[in-house]
Amino acid sequence: MYVVYKGVCIGISFYYIKERFYSQIVGMSIWKTIVRFYEPARARPTLFMRWIFQSILFSLFDVFTILVFKWVAGYAESQNMLWLSTIAWIFLFLSLIYTICKYFIRHWWWAQSYYPFRAHVFQKYMTRFFQLDYTTVDRYGTGRFVYIIGKWSDEWIGAIIETIYSFIDVTVKFIFFF
């Protein structure tokens, strides 16, 4: 709700902002909500694809390690030493390939994708913050607003990165074990 005093707009109350935000979210379909949630990832598709590749690599190696231990236990129980040594060599070879891949993607961890995603969020939403009426911002505290926006963007980007990794991890393990 706008407060007008002698024809001058003084500020926006938090109640109005909260009600407007909730009405926008409630009115959106689930697909639009998901698209809006992954907006920073869609703005940087290269980083998004890096996260998908990295998540697939880590998940596949976890699945492969479990399968190798299953095969090793089965061959050790049947005392088939020829296959046991073959599986051991295959596991060493694939572990070497995994280590080499991990070496080449060692700079793709969270910091290389976190800060560009956060820069996108700040670029889009801090402009809205700067367009707010300064009397309203000063009434509630500029530092408080900046802290809330910073914490919100940190949580949002962390949630994006965690959902990408978790979804890929669960999908790969579901495919291999069911």
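Two aromatic rings of Phe, Tyr or Trp count as a pair if their centres lie within 6.5 Å. The views below use this term for a predicted model.

**Figure 1. A cluster of aromatic rings.** Ring pairs join Phe 58, Phe 61, Phe 64, Phe 69, Phe 91 and Tyr 98 into a cluster. Across the whole structure, a search finds 9 aromatic pairs.

**Figure 2. An edge-to-face pair, Phe 37 and Tyr 38.** The rings of Phe 37 and Tyr 38 are 4.9 Å apart, centre to centre, with 80 degrees between their planes. This pair is classed as edge-to-face because the angle between the planes is over 60 degrees. Phe 37 is partly exposed, at a relative accessible area of 27%. Tyr 38 is likewise partly exposed, with a value of 23%.

**Figure 3. A tilted pair, Phe 69 and Phe 91.** Here the ring centres of Phe 69 and Phe 91 are separated by 6.4 Å, and their planes form an angle of 45 degrees. The pair links distant parts of the chain, with Phe 69 in helix 4 and Phe 91 in helix 5, 22 residues apart. Phe 69 is exposed because its relative accessible area, 56%, is over the 50% cut-off. Phe 91, at 22%, counts as partly exposed. Both residues also belong to the cluster of Figure 1.

**Figure 4. Helix 4 and the residue just after it.** Helix 4 comprises 33 residues. From its first C-alpha to its last, helix 4 reaches 48 Å, which is close to the 48 Å expected at 1.5 Å a residue. Just after this helix, Gln 79 adopts a positive phi of about 55 degrees.

**Figure 5. Two tryptophans, Trp 71 and Trp 83.** Trp 83 lies in helix 5, which covers residues 81-104. With a relative accessible area of 44%, Trp 83 is partly exposed. Trp 71 and Trp 83 are 12 residues apart along the chain, and a distance of 9.1 Å separates their C-alpha atoms.

Figure 6. Ile 56, Leu 60, Ile 66, Phe 174, Ile 175, Phe 176, Phe 177 and Phe 178 make a nonpolar surface patch of about 840 Å². At least two patch residues come from each of helix 4 (45-77) and helix 8 (142-177). Helix 8 provides the largest share, 4 residues. Leu 60, one of the patch residues, is found in helix 4. Leu 60 has a relative accessible area of 36% and is therefore partly exposed, since this class lies between 20% and 50%.

Technical notes: Residues are numbered from 1 along each chain as its sequence is written. This is a predicted model: local features need pLDDT of at least 70, side-chain atom pairs count only at pLDDT 80 or more; totals for chains, interfaces and linings use all residues. Side-chain values use heavy atoms; hydrogens and water are left out. Patches are made of residues with over 30% relative accessible area and no salt bridge: like charges are joined within 9 Å, nonpolar side chains (Val, Leu, Ile, Met, Phe, Trp, Tyr) within 5 Å. Accessible areas come from the Shrake-Rupley method with a 1.4 Å probe; for residues, only the protein chains shown count as cover. A salt bridge is a side-chain nitrogen of Lys or Arg within 4 Å of a carboxyl oxygen of Asp or Glu. Buried means under 20% relative accessible area, exposed over 50%, partly exposed in between (1.4 Å probe, protein chains only). The expected span of a helix is 1.5 Å times one less than its number of residues. Rings of Phe, Tyr and Trp (its six-membered ring) pair if their centres lie within 6.5 Å; planes under 30 degrees apart count as stacked, over 60 as edge-to-face and the rest as tilted.
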